[in-house]
Amino acid sequence: MMQWGQTGIHLQRDGGSIQPASDSELTSESQMYWPVLQPSESVPPIGTYMLNNLVGKPCIKATLGAEYIVIEMKKTWYFPLDPSRVRTSGYCGKEAAVLSFTLPHSAASLQFTFREDKSVFYVDKLTAHVSPLPVCRGCANKTYSGALAHEKLFAAGHGQSFKCQSEQLLWTSSELSIRLVPLQLQAFTLPEGPRGSEVECWPDFNKRALPIIAEATGVGLFLITVMTFLFIKDRRREGYDRL
């Protein structure tokens, strides 16, 4: 028997049979967790994750919602990452740091590799995989994986955080992409209390700036029209005075 969750199922073995797992048994080694792909996208739940260095001080803080997007059988399938199921791990070095999210039984993972270069930090590499329940009866089990390497993603200055409310879609392979929305990251240097000053992503800046630019353009066109009308009116008045 299977116990279906919103985004995954749990299989528990009891002797030679499979029994449903109760909430209190979710940490049992005898049960298996399977991500369940959904036919439509959803708003992924937001989680805040913290990683400390060897002396116990925070070196990475991430707030994000993540969704795996899988291409299978010429269809698009979705699996949102559930923060309540995530195990956080990683390490913090002087110039490199890693933040990893893993679901039970390594059913899915998402890993960020951070670099610091000349007082700027960024994500140098992103890797992901998901091993979901097959999308059809009789289909074989399959793991979808991919990576982005040698990138400079989500860059911010020393003591700052990168923030983006707009969707970030990252293709790690032809079959797997990761949707991050929203996203806020800070690495290496974290102040006590709130995050440092925020670096806004371009999509957010454009959303905020375009209405202002459009409004300013409208006002400018209106003023040009008024000035042109007054200029023509004055020229006509001068012509009448001469007559």
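The side chain of threonine 172 places a polar atom 2.9 Å from the backbone oxygen of leucine 176. This is a polar contact, meaning a pair of N or O atoms within 3.5 Å; within protein, one must be able to donate a hydrogen and the other to accept it, and residues adjacent in sequence count only if both atoms are side-chain atoms. The model is predicted: local features need pLDDT of at least 70, side-chain atom pairs count only at pLDDT 80 or more, and totals for chains, interfaces and linings use all residues. Residues are numbered from 1 along each chain as its sequence is written, and side-chain values use heavy atoms, with hydrogens and water left out.

Threonine 172 sits in the loop between β15 (168-171) and β16. Strands (E, at least two residues) and helices (H or I, at least four) are DSSP runs, numbered from the N terminus. The relative accessible area of threonine 172 is 8%, so the residue is buried. Buried means under 20% relative accessible area, exposed over 50%, and partly exposed in between (1.4 Å probe, protein chains only). Leaving aside neighbours within four places in sequence, threonine 172 is in contact (heavy atoms within 4.5 Å) with Leu126, Gly146, Ala147, Leu148, Ser177 and Ile178. Of these, leucine 148 is 24 residues away in sequence, and its C-alpha lies 5.5 Å from that of threonine 172.

Beyond its neighbours within four places in sequence, threonine 102 is in contact with Arg85, Val86, Arg87, Ala108 and Ser109.

Strand β6 (residues 58-72) is mostly covered, with 12 of its 15 residues buried. β6 pairs with strand β5 (residues 46-52) in the antiparallel sense over 7 bridges. Two strands pair if DSSP finds at least two bridges between them. Methionine 50 has lysine 61 in β6 as its bridge partner. The β5 and β6 hairpin has 5 residues between the strands, and glycine 56 takes a positive phi near 90° there.

β6 also pairs with strand β7 (residues 75-80), antiparallel over 6 bridges. Here isoleucine 71 is bridged to threonine 76 in β7. The hairpin of β6 and β7 has 2 residues between the strands, and methionine 73 in the turn has a positive phi of about 55°. With strand β16 (residues 176-187), β6 forms an antiparallel pairing over 10 bridges. Threonine 63 faces glutamine 184 of β16 in this pairing.

The largest nonpolar core holds 45 residues, and those with the most contacts inside it are Tyr68, Leu110, Phe112, Phe114 and Phe154. β6 gives the most to this core, with 7 residues. Such a core is a set of buried Ala, Val, Leu, Ile, Met, Phe, Trp, Tyr and Cys residues joined through side-chain atoms within 4.5 Å.

Chain totals follow. The secondary structure comprises 1 helix and 17 strands. Of the 243 residues, 38% are buried. Among contacts with a separation of 6 or more, 55% join residues 24 or more positions apart. The chain exposes about 14,500 Å², of which carbon and sulfur atoms supply 56%. Accessible areas come from the Shrake-Rupley method with a 1.4 Å probe; for residues, only the protein chains shown count as cover.
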